[in-house]
Amino acid sequence: MSAESFEKETPQPVEGSALEQAEELGEILPAAIDQQTRWRRLFADERIRAGAAAALRTMINTGISAIDMFPGIGAVPSWIADGLKWVSRFSRKTDFLDLTPAVSKRVAIGSEALEFITLDAFPSHAIESTLQLKREDVPKMIAAIKAMIEILRGEQADYQQNQAQIDGAIATFLDESPQPSEA
Amino acid sequence: MDKHSALKILIQHTYLFSPEVKSQLLNKLPELTTEEVQSLGNLLANEKKTALTKAPQRLASLEELQSQLKKKIALD
């Protein structure tokens, strides 16, 4: 390919597009950073961290229970979950491997018996998942939501107490008249 | 309101930073250049405005979710 034809076939950057892209990124990035920082601040709260872990565990348990509905290969993730339950007891560092910490080993293994009786048709992991959800995960998720509500209400209360100051400061940078929120 | 005072208010009332970070930023405030003040001020002002505007909607969603989860526990 000659230099001339290469130049013709290669798309040439439109004048100003790099600048436009940079400007666009400049608008998007601060918003993305804001959200990340806000989430990091929320995750500093122990209750919110525990609630997020409970929500994640619920999703994994729901997935395993769904797969467990298929006889045969579907039971494998359920057995793995039970195996991890035993492994997790060896050390505090492996606690997170237990997907149903609020359910005893006896119940976890006992529920597998139903799989044998029903020729693998019964999704035994659903029993452990439901118990885990009711005993530990839903209360933890409720506590996390409560903590998030407290933080949001705290921010609103702080705004209401210092509304004139905060509106003035926002307007100084955003170059607009103070806009009181609906808070 | 001058920009340094405005930035000081935004740092004091932001929920993005921990109290330690806020304190460090407030101590560094006199050393910040005009560009740094403008940049940080824009970021915090935009964030505060968005947070306050969206707060009622976020609170309503969280309260709805909380009530659904409570119902789930009550039903079980």
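How many residues of chain A are in contact with how many residues of chain B? In this predicted model, 37 residues of chain A contact 39 residues of chain B, contact meaning heavy atoms within 4.5 Å. Local features require pLDDT of at least 70, side-chain atom pairs count only at pLDDT 80 or more, and totals for chains, interfaces and linings use all residues of the predicted model. Residues are numbered from 1 along each chain as its sequence is written, chains are lettered from A in the order in which they are written, and side-chain values use heavy atoms, with hydrogens and water left out.

The two chains, A and B, bury about 3,700 Å² between them. Buried area is the accessible area (1.4 Å probe) that two parts lose on being put together, summed over both. Carbon and sulfur atoms carry 71% of it.

Two salt bridges cross the interface of chain A and chain B (a side-chain nitrogen of Lys or Arg within 4 Å of a carboxyl oxygen of Asp or Glu). A:R153 and B:E63 meet in a salt bridge, at 2.1 Å from N to O. On the side of chain A that touches chain B, helix 2 (17–43), helix 6 (125–161) and helix 7 (163–174) of chain A each give two or more residues. Helices here are DSSP runs (H or I, at least four residues), numbered from the N terminus. Helix 6 of chain A gives the most, with 18 residues. The residues of this side divide into 17 nonpolar, ten polar and ten charged.

Within chain A, helix 3 (residues 46–68) packs on helix 4 (residues 76–88) at about 135°, with axes 8 Å apart. The two helices are therefore oblique to each other. A:I64, A:I67 and A:D68 in helix 3 meet A:P77, A:S78 and A:A81 in helix 4. Four of the residues in this contact are nonpolar, one is polar and one is charged.

Over all chains, the search finds nine salt bridges. A:E136 forms a salt bridge with A:R57, the closest N and O atoms lying 3.3 Å apart. This pair links helix 6 and helix 3 of chain A across 79 residues.

Terms used
Nonpolar A, V, L, I, M, F, W, Y, C, P; charged D, E, K, R; others polar. Axes fitted to C-alpha atoms, helices over the stretch in contact; angles between N-to-C directions. Parallel < 35°, antiparallel > 145°, perpendicular 65-115°, else oblique.
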